[in-house]
Amino acid sequence: MNISAEDFRQHFALLSDEALLATRRDDLTDVAKACYDDEVAHRELSPDAAEEDTQEAEIQEERSEEDQANEHGKDMVSLTSFPDVEEARLARGLLQIAGIPSFL
């Protein structure tokens, strides 16, 4: 299956501003990056501001999780460590789905 630049353009055009800015540009191919950049510019969005907002939200979420952990005190144990944050977030998500309090 061949994906063209037009396919990328259509895809990015369909995304909301939030979803577009949540796209990890570094994970895109060169053609997709160019289409992404064009769509961001067309909408006059600022990817840097969105990244800062995302980072701030993550910091607030981690603080909230630390507060929860402090409430549970002795009940919290360290289960494992992960080589990268994405794997850790996946594991945390699975624990949360199961109703198990967790934090990174």
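Author: Helices here are DSSP runs of H or I with at least four residues, numbered from the N terminus. This is a predicted model, where local features need pLDDT of at least 70, side-chain atom pairs count only at pLDDT 80 or more, and totals for chains, interfaces and linings use all residues. Residues are numbered from 1 along each chain as its sequence is written, and side-chain values use heavy atoms, with hydrogens and water left out.

Reader: Thanks! What caps the N-terminal end of H5?

Author: Asp84 does, with a side-chain oxygen 3.1 Å from the backbone nitrogen of Glu86.

Reader: And what should the 13 residues of H5 span?

Author: They should span 18 Å at 1.5 Å a residue, and the end C-alpha atoms of H5 (residues 85–97) are 18 Å apart, which agrees. The expected span is 1.5 Å times one less than the number of residues.

Reader: Let's switch to H3. Which residues are buried there?

Author: In H3, Ala32, Lys33, Cys35, Tyr36, Glu39 and Val40 are buried, meaning under 20% relative accessible area, while exposed is over 50% and partly exposed is in between (1.4 Å probe, protein chains only). Seen down the axis of H3, these buried residues fall within an arc of 165°, so they line one face of the helix. The arc is that of the directions from the helix axis to the C-beta atoms.

Reader: What does the face turned away from the buried side carry?

Author: That face of H3 carries the exposed residues Asp30, Ala41 and His42.

Reader: Is Glu39 buried or exposed?

Author: Glu39 is buried, with a relative accessible area of 13%. Leaving aside neighbours within four places in sequence, Glu39 is in contact (heavy atoms within 4.5 Å) with Phe12, Ala13 and Leu20.

Reader: Nice. Which residues make up the largest nonpolar core?

Author: There are seven: Phe12, Leu20, Leu28, Ala32, Cys35, Tyr36 and Val40. The largest share of this core, four residues, comes from H3 (residues 30–42). A nonpolar core is a set of buried Ala, Val, Leu, Ile, Met, Phe, Trp, Tyr and Cys residues joined through side-chain atoms within 4.5 Å.

Reader: What does Ala32 contact, leaving aside its neighbours within four places in sequence?

Author: Ala32 is in contact with Phe8 and Phe12.

Reader: Last one: where does Glu44 lie?

Author: Glu44 lies in the loop between H3 and helix H4 (47–72). At 73% relative accessibility, Glu44 counts as exposed. Its phi is near 60°, a positive value in a residue other than glycine. Most residues other than glycine have a negative phi.

Conventions
Helix = DSSP H or I, 4+ residues; strand = E, 2+ residues; numbered from the N terminus. Polar contact = N/O pair within 3.5 Å; in protein donor to acceptor, adjacent residues only side chain to side chain.
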